[in-house]
There are 2 protein chains.
Amino acid sequence: MASGRSRNAGATRGAILSAARDRFAADGYERTTLRMVAADVGVDPAMVIRYFGSKQGLFTAAADFSLDLPDLDGVAPADLGAEILPRFLAVWDHDSTFLALLRVAMTSPEAADKLRELFAAQVVPAFAKATPDHAPERAALLGSFLLGLATTRYVLATPGIATMPPDRLAAWAAPVIREILTGPAPA
Amino acid sequence: MASGRSRNAGATRGAILSAARDRFAADGYERTTLRMVAADVGVDPAMVIRYFGSKQGLFTAAADFSLDLPDLDGVAPADLGAEILPRFLAVWDHDSTFLALLRVAMTSPEAADKLRELFAAQVVPAFAKATPDHAPERAALLGSFLLGLATTRYVLATPGIATMPPDRLAAWAAPVIREILTGPAPA
DNA sequence: TCCTCAAGTCACCGAGCGTTGACTTATCGA
DNA sequence: TCGATAAGTCAACGCTCGGTGACTTGAGGA
């Protein structure tokens with residue numbers, strides 16, 4: 001992505017942001033250096049500071065996104081797994097933003113805060129609405145399950161999970177999601 | 001753990017190792033500094049190098065453990081959740097070694113290798129043996145689910161999962177484990 | 001055309017890191 | 001009691017990082 005000589009502020013800023021997302025997603029916060037990001041774009045490291053103020057500012061900008069959860073109102077709880085999983089996997093496959101946030105959240109309290117807030121404000125309510133008894137435990141458990149899938153597939157690349165084709169993984173995981181959302185509740 | 005003046009090599013080495021585990025578990029690899037670990041023990045940073053050679057050597061020693069998975073041969077698959085979960089949660093609550101390895105594996109390829117190897121060599125076979133059809137997908141999915149629980153509860157501290165009492169979390173998660181191990185397999 | 005101002009470069013600072021080797025001190029067998 | 005040896009300290013190194021400020025260069029309107 002060496003824009004190099006184009007001298008267009010917006011394009012350069014965007015290229016830095018994109019390179020930063022990839023680096024943060026691949027290496028985490030500490031191992032990512034401004035020098036590397038700048039080199040990926042073909043630009044002086046000072047440009048990163050110029051546009052984003054600091055390394056923390058760069059990450060904040062890189063991890064700023066809207067979740068755009070699909071509306072689950074009309075879907076029967078039993079079909080939720082089949083509905084959710086293909087989208088979920090496709091997003092993680094094509095956009096490194098989530099992976100960057102997840103990886104960084106493992107070691108950075110600020111990023112963990114952001115992820116927690118995302119969970120509490122958007123994920124849990126959206127899922128809880130889709131359960132018959134609206135038990136928040138189900139939504140939390142589903143979030144935990146999906147996060148486990150993302151971690152083993154995209155961060156750790158555990159062979160059993162990472163090597164499965166998306167549709168096969170979705171087929172195996174769908175009944176689990178149904179169980180989480182509609183299974184029996186403890187006393 | 002300030003042994004300070006005791007001048008006992010074995011005890012000092014052990015204290016350093018223990019402090020290192022806590023630091024790696026809490027902060028990850030990069031944010032953990034030898035100076036901090038040494039200060040926790042009340043010792044000069046040079047001692048850490050003296051006993052472990054390098055920071056990488058310290059981590060390798062800190063993350064070296066045997067898994068000691070319980071024998072699941074006599075347990076009916078339907079009861080596996082109730083059998084596994086309390087042990088699982090207790091271990092994570094009282095020993096920071098696993099948390100250290102998990103957190104570091106998120107950003108360090110070497111630690112991720114170790115975790116993958118642990119999964120492939122010990123976790124998956126032990127779980128696969130406990131399923132009726134011995135499908136490796138079930139074991140992988142169970143590993144993914146447990147890892148998701150550990151991540152949301154101990155690393156990210158997601159409110160819905162982290163605040164649940166252990167027995168309540170076990171009660172909610174047990175049927176999910178049963179579904180993973182004994183539920184229908186896709187075509 | 002040329003002058004202006006934003007876009008981009010460059011050299012450099014201060015700090016903290018892992019690591020080293022020479023030094024000091026407590027311990028313990030002879 | 002006393003010296004040998006391991007345990008522990010100390011000061012410093014080389015390096016890389018995030019961040020700063022002065023400089024250079026190119027694009028575009030008058």
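View 1. The model is predicted: local features need pLDDT of at least 70 and side-chain atom pairs count only at pLDDT 80 or more, whereas totals for chains, interfaces and linings use all residues. Residues are numbered from 1 along each chain as its sequence is written, while chains are lettered from A and ligands numbered from 1 in the order in which they are written.

**View 2. The contact between chain A and chain B.** The contact takes 43 residues from chain B and 43 residues from chain A, two residues being in contact if their C-beta atoms, placed from the backbone, lie within 7 Å. On the side of chain B that touches chain A, two or more residues come from each of α1, α6 (96-105), α7 (109-128), α8 (136-155), α9 (159-162) and α10 (166-182) of chain B. Helices are DSSP runs (H or I, at least four residues) and strands likewise (E, at least two), numbered from the N terminus. The largest share of this side, 14 residues, is supplied by α8(B). Its residues comprise 26 nonpolar, ten polar and seven charged; Ala, Val, Leu, Ile, Met, Phe, Trp, Tyr, Cys and Pro count as nonpolar, Asp, Glu, Lys and Arg as charged, and the others, Gly among them, as polar. Because 100% of the interface residues of chain B are also interface residues in chain A, the copies meet through the same surface.

**View 3. The largest nonpolar core.** This core has 112 residues, and those with the most contacts inside it are A173(A) and A173(B). A nonpolar core is a set of buried Ala, Val, Leu, Ile, Met, Phe, Trp, Tyr and Cys residues joined through C-beta atoms within 7 Å. Leaving aside neighbours within four places in sequence, A173(B) is in contact with L141(A) of the other chain and with G81(B), L85(B) and L149(B).

**View 4. Surroundings of DNA strand C.** Of the 18 residues that surround DNA strand C, the closest are A9(A), D44(A), A46(A), T33(B) and S54(B); a residue is near a strand if its C-beta atom, placed from the backbone, lies within 6 Å of it. At least two residues of this surface are supplied by each of α1 (9-31) and α3 of chain A and α2 (34-41) and α3 of chain B. The largest share, three residues, comes from α3(B).

**View 5. Surroundings of DNA strand D.** Around DNA strand D there are 18 residues, of which T33(A), S54(A), A9(B), D44(B) and A46(B) come nearest. Two or more residues each are given by α2 (34-41) and α3 (45-52) of chain A and by α1 (9-31) and α3 (45-52) of chain B. The largest share of this surface, three residues, belongs to α3(A). By class, the surface near DNA strand D has eight nonpolar, five polar and five charged residues.

**View 6. The annotated domain of chain A.** An unreviewed UniProt entry places the feature "domain: HTH tetR-type" at residues 10-70 of chain A; such annotations may be inferred rather than shown by experiment. Over residues 10-70, chain A is 75% helix and 0% strand, with the end C-alpha atoms 30 Å apart.

Methods
Buried ≥ 20, exposed ≤ 12 C-beta atoms within 10 Å, placed from the backbone.
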